[in-house]
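Here is a walk through one protein model, written for someone meeting it for the first time. Keep the picture open beside you as you read.

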Amino acid sequence: GSTMSLQKEVEKRVLDATRAIEDQVDAEIDRLDRADDDDMERWRQQRLKQMKKQSDLKEELVAKGHGRYSELADEKEFFESCKTSSRFVCHFYRDSTLRCKIVDKHLDVIAKRHIEAKFVKANVEKSPFLCEKLRIKVLPTIAIVKDGKVGDYIVGFDDVGG
């Protein structure tokens, strides 16, 4: 009894939803079929504007040091970078630590691919205040900063699969 009517109700609702989606798709196909040269030109202009905006954003990010992996000059630069870049990745390293050199190699590649974030490294021997404030105890440690706040850490190699 009630199981059957529930099943019928569900089937009806799914069918109605499917028809509604189909109607929307049909309407969009009709709209595209009716598009004239003016519509096409307007869409082209919108797309060009969108591409220009993306290009401007990329230039702005590159000007802030995105797209490359660089070393912080001092601890102050860490805080300045947090303010100017909404996404920021900092590798805390020591020259004598082999694993840090391995991380460097990978972050250099990643920085070029992920322009949306700024990638830097900080020498722990030149950053005692920062290391204490962020509780950096194991090397390498990568701090991931989003909107000015450290959101996550990758500590040592254990967090990255050994």
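This is a predicted model: local features need pLDDT of at least 70, side-chain atom pairs count only at pLDDT 80 or more; totals for chains, interfaces and linings use all residues.

## Salt bridges along the helices

Let's start with Asp16, which is partly exposed because its relative accessible area is 33%. Residues are numbered from 1 along each chain as its sequence is written, and side-chain values use heavy atoms, with hydrogens and water left out.

What does the side chain of Asp16 meet in a salt bridge? Its partner is Arg19, at 3.9 Å from N to O. A salt bridge here is a side-chain nitrogen of Lys or Arg within 4 Å of a carboxyl oxygen of Asp or Glu. Asp16 and Arg19 sit three residues apart in helix H1, so about one helical turn separates them. Helices (H or I, at least four residues) and strands (E, at least two) are DSSP runs, numbered from the N terminus. Arg19 is partly exposed too, at 46% relative accessible area.

Glu41 has a relative accessible area of 37%, which means it is partly exposed, and Arg44 is partly exposed at 46%.

| Acidic residue | Basic residue | N to O distance |
| Asp16 | Arg19 | 3.9 Å |
| Glu60 | Lys64 | 3.8 Å |

In the pair of Glu60 and Lys64, both ends are partly exposed: Glu60 has 44% relative accessibility, and Lys64 has 30%. Salt bridges can also share partners, and that is how Lys12, Asp16 and Arg19 come to be joined into one network. By the rule above, the count comes to 11 salt bridges.

## Patches on the surface

Patches are made of residues with over 30% relative accessible area and no salt bridge; like charges are joined within 9 Å, and nonpolar side chains (Val, Leu, Ile, Met, Phe, Trp, Tyr) within 5 Å. Accessible areas come from the Shrake-Rupley method with a 1.4 Å probe, and for residues only the protein chains shown count as cover.

Which residues form the nonpolar patch with about 270 Å² of accessible area together? They are Leu6, Val10 and Val14. Val10 is part of helix H1, and at 45% relative accessibility it is partly exposed.

The negative patch is made up of Glu22, Asp23, Asp26, Asp30 and Asp33. For charges, Lys and Arg count as positive and Asp and Glu as negative, while His and the chain ends are not counted. The place of a charge is taken as NZ of Lys, CZ of Arg, CG of Asp or CD of Glu. Glu22 belongs to helix H1, which covers residues 2-34, and Glu22 is partly exposed at 47% relative accessibility.

## Strands and the loops around them

Now for the strands. S2 (residues 87-93) and S4 (residues 141-146) pair in the antiparallel sense over six bridges; two strands pair if DSSP finds at least two bridges between them. Phe88 has Val145 of S4 as its bridge partner.

S4 and S5 form a hairpin with two residues between the strands. Asp147 lies in that loop and has a positive phi near 50°. Asp147 is exposed, with a relative accessible area of 56%.

Most residues other than glycine have a negative phi, and most peptide bonds are trans. Arg135 also has a positive phi, near 55°. Arg135 is in the loop between H5 and S4 and is exposed at 66%. Pro140 lies in the loop between helix H5 (128-133) and S4, and the peptide bond from Leu139 to Pro140 is cis, with omega near -5°.

Finally, Gly156 is in the segment after S5 and is buried, at 11% relative accessibility. Gly156 and Arg47 are 109 residues apart in sequence and 44 Å apart in space, C-alpha to C-alpha.

How values were computed: Buried means under 20% relative accessible area, exposed over 50%, partly exposed in between (1.4 Å probe, protein chains only).
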